[in-house]
Amino acid sequence: MGVTRVWRWLAFTALLGSIAAPTAAQTTAAPAPPVPDCPDLARAIRDMMTNDARLRDWPNLTRYRQANADLARSGEAVPVVFLGDSITDRWDDEGSGGFFVGRHYVNRGIGGQTTPQMLIRLRPDVLSHHPKVIVLLAGTNDIAGNTGPMSDDDIEQNIAAIAELSAASGVKVVLAGILPISDYHQKPDQVPQVIRRPMSRIAAVNAWITQYAAQHGHVFLDYAPGVSDARGMLKAEFSDDDLHPNALGYAEMTPLAEAAIAKAMH
């Protein structure tokens, strides 16, 4: 059974539930529709709950609200804040090799996010800590359409807004290029990353980021030379899902990020 049929079943069930129960004098109610017995039902319900939560807090400001408050109370100086999506978010996961151990860098990545969501989060999650440097890695989920269709210009305008607001606050800006994807770990029931995130669009946005950074005195952080293979794809050994780096991938990215941060600070 497809997802569309499942959603129709859910809508029909909700409609039946909204109809008042018949009285004894009324005819017997029609039997409830049979419950679909398929994996799509569970997936549809999960998606519905996720979408409901996202609508109630679209930029996910609650994710780091307490951590931001704790950090502010501590008075600890924050040298660098990383703002991004799941590629940033997963960097300090167990098994990823550690997030710049001993550096006191702050991770403000949230899985699945797009540039408009990060733009809303910029002040509470980044600028409120008065860091010396912001490292922005964003755009791959915009291309995938996670929060709706996004043109390259939409992505670029949001990145520019984040950079301009950061610079206006006295924060040095490091703009990372979107990581390449690959097709080495495809699964039959999933849309390949090369379809969801075409390399042609990644290349186009990265070319713009390179030019924009040069024109505005920002640092361009190019991870691609370190993580790409001869095809220009994310190396098979650096990812387990064609999108997110694994521990080997992060190990390759770490010194590149450190070099870009050092360049921004001088």
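This is a predicted model: local features need pLDDT of at least 70, side-chain atom pairs count only at pLDDT 80 or more; totals for chains, interfaces and linings use all residues.
Q: How much space lies in the largest pocket?
A: The space in the largest pocket comes to about 430 Å³.

Q: And which residues lie nearest its centre?
A: Those are Q190, Q193, R196, R197 and L243, out of 18 residues that line the pocket.

Q: What does the lining have by class?
A: Nine of the lining residues are polar, six are charged and three are nonpolar.

Q: Turning to the helices, at what angle do α7 and α9 cross?
A: Helix α7 (residues 152–168) and helix α9 (residues 199–216) cross at roughly 30°, and their axes come within 10 Å.

Q: Is that crossing of α7 and α9 left-handed or right-handed?
A: The crossing is right-handed.

Q: Which residues meet there?
A: From α7, the residues are D152, I155, E156, I159, A160, A163 and E164; they meet R201, A204, V205, W208, I209 and Y212 of α9. By class, this contact has nine nonpolar and four charged residues, with no polar ones.

Q: On another topic, how many salt bridges are found in the whole structure?
A: A search finds seven. One of them joins the side chains of R73 and D70, at 2.4 Å from N to O.

Q: Where do R73 and D70 lie?
A: Both are in helix α3 (residues 65–74), three residues apart, which is about one turn of the helix.

Conventions
Residues are numbered from 1 along each chain as its sequence is written. Side-chain values use heavy atoms; hydrogens and water are left out. On a 1 Å grid over the protein atoms alone, a cavity is a set of points where a 1.4 Å probe fits but cannot get out, and a pocket is an open set with protein on both sides within 12 Å along at least five of seven lines; lining residues have an atom within 4 Å of a point. Grid points are joined across faces, edges and corners, and a volume is the space filled by probe spheres set on the points. Ala, Val, Leu, Ile, Met, Phe, Trp, Tyr, Cys and Pro count as nonpolar, Asp, Glu, Lys and Arg as charged, and the others, Gly among them, as polar. Axes are lines fitted to C-alpha atoms, for helices over the stretch in contact, and angles run from 0 to 180 degrees between N-to-C directions. Helices (H or I, at least four residues) and strands (E, at least two) are DSSP runs, numbered from the N terminus. A crossing is left-handed if the near helix is turned anticlockwise from the far one by less than a right angle, and right-handed if clockwise. Contact means heavy atoms within 4.5 Å. A salt bridge is a side-chain nitrogen of Lys or Arg within 4 Å of a carboxyl oxygen of Asp or Glu.
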